[in-house]
Amino acid sequence: MITSVVALIFICVCNAAQFPENLEKCRYGDSNCLTQVTQSIIKDHYNGLPELNLVQLDPVTIKTIAIENSGNRAVNIRLVFHNVTLHGLKDITITRITGFPEDFDGAKNEIEFSAPVFQLIGQYRINGRVLILPIQGNGQSNSTLENVKIRLRFTGRKMSKDGQDYLQTNNTKITMTSTKLWMNFENLFNGDKVLGDTTNAFLNENWMDIFNELKPNISKSYAAAIQTIINKVFAKFPYKEYFLE
């Protein structure tokens with residue numbers, strides 16, 4: 001009986017370590033194939049794919065996002081989001097993937113994609129000044145970006161484990177554009193409705209200046225979230241298992 005149990009455990013472990021047979025593989029550096037396969041995986045498995053370490057993509061929970069602009073700037077604030085959810089990744093369109101060569105250590109990789117809407121929903125705390133307007137408050141928030149285009153760049157980094165080479169990301173950066181940023185912060189100025197409504201209207205009227213000021217910090221936060229997703233996926237199997245021989 002002990003022998004049978006040990007054998008069963010061994011079989012389960014071996015099966016768990018196999019790359020999913022229903023997922024298409026590409027040749028190293030095949031941009032068209034990588035773009036199509038990645039799009040297919042996101043479309044079919046945005047709720048998660050444990051066999052590939054792919055977490056749920058929509059929504060993505062982010063514990064903390066801290067945005068701080070200080071000094072003599074148009075937007076001089078400290079804005080912290082707590083336990084927020086990012087919605088919209090399930091509807092992205094992958095437009096181009098380049099990189100992912102056989103010799104991946106130090107190689108440059110790029111992923112370009114677009115989304116009709118990105119929504120960041122959750123608790124916030126803000127204090128400071130936006131353009132000429134003082135602002136302070138804490139409560140529920142909704143920040144929505146429309147027609148988002150993102151270019152994600154990262155360098156491959158080799159991690160070795162048990163004699164096998166795994167891909168992890170390094171120097172992950174994002175460039176981002178959007179045609180509109182909508183903001184709604186509840187409970188501004190300790191719940192003063194008149195001041196709160198006026199401030200939210202002012203923020204949305206001046207969204208472009210605010211977005212341009214905060215874009216580096218927003219991009220850094222999004223890059224960190226996407227980097228975590230990519231690293232989990234590529235930590236599941238040795239790098240060569242994701243590609244055709």
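**Aromatic cluster, disulfide, backbone and cavities**

A single aromatic cluster is formed by F19, Y28, F100, F104, F154, F234, F237, Y239, Y242 and F243. The model is predicted, with local features requiring pLDDT of at least 70 and side-chain atom pairs counted only at pLDDT 80 or more, whereas totals for chains, interfaces and linings use all residues. Residues are numbered from 1 along each chain as its sequence is written, and side-chain values use heavy atoms, with hydrogens and water left out.

Rings of Phe, Tyr and Trp (its six-membered ring) were paired if their centres lie within 6.5 Å, with planes under 30 degrees apart counted as stacked, over 60 as edge-to-face and the rest as tilted. By this rule there are 14 aromatic pairs. One of them, F118 with Y222, is edge-to-face, at 5.9 Å centre to centre and 75° between the planes. This pair links distant parts of the chain, as F118 belongs to strand 4 (residues 108-130) and Y222 to helix 4 (residues 207-234), 104 residues apart. Helices (H or I, at least four residues) and strands (E, at least two) are DSSP runs, numbered from the N terminus. F118 and Y222 are both buried, where buried means under 20% relative accessible area, exposed over 50%, and partly exposed in between (1.4 Å probe, protein chains only).

Rings are also approached by lysine side chains. A charge is taken to sit over a ring if NZ of Lys or CZ of Arg is within 6 Å of the ring centre and within 35 degrees of the ring normal. The charged end of K161 sits over the ring of Y166, 4.8 Å from its centre, and that of K180 over the ring of W182, 4.5 Å from its centre.

The structure contains one disulfide, defined as a pair of cysteine sulfur atoms within 2.5 Å. The disulfide joins C26 and C33, with 2.1 Å between the sulfur atoms. The link is left-handed, with -80° about the S-S bond, and both C26 and C33 are buried. S219 in helix 4 is buried as well, with a relative accessible area of 7%. From C26, S219 is 193 residues away in sequence and 29 Å away in space, C-alpha to C-alpha. Neighbours within four places in sequence aside, S219 is in contact (heavy atoms within 4.5 Å) with I174 and M176.

Most residues other than glycine have a negative phi, and most peptide bonds are trans. The D58 to P59 peptide bond is cis, with omega near 0°; P59 lies in the loop between helix 2 (31-45) and strand 1 (60-68). N53 is placed in the loop between helix 2 and strand 1, and has a positive phi near 65°. N53 is partly exposed, at 30% relative accessibility. N187, in the loop between strand 7 (180-185) and helix 3 (193-205), has a positive phi of about 65° and is partly exposed, with a relative accessible area of 36%.

Grid points are joined across faces, edges and corners, and a volume is the space filled by probe spheres set on the points. Two cavities of 30 Å³ or more were found. The largest cavity has a volume of about 670 Å³ and is lined by 29 residues, of which T38, I41, I111, V233 and F234 lie nearest its centre. Two or more residues of this lining come from each of helix 2, strand 3 (93-98), strand 4, strand 5 (133-161) and helix 4.

Key. 1 Å grid on protein atoms, 1.4 Å probe; cavity = no way out; pocket = protein on both sides within 12 Å on 5 of 7 lines; lining within 4 Å.
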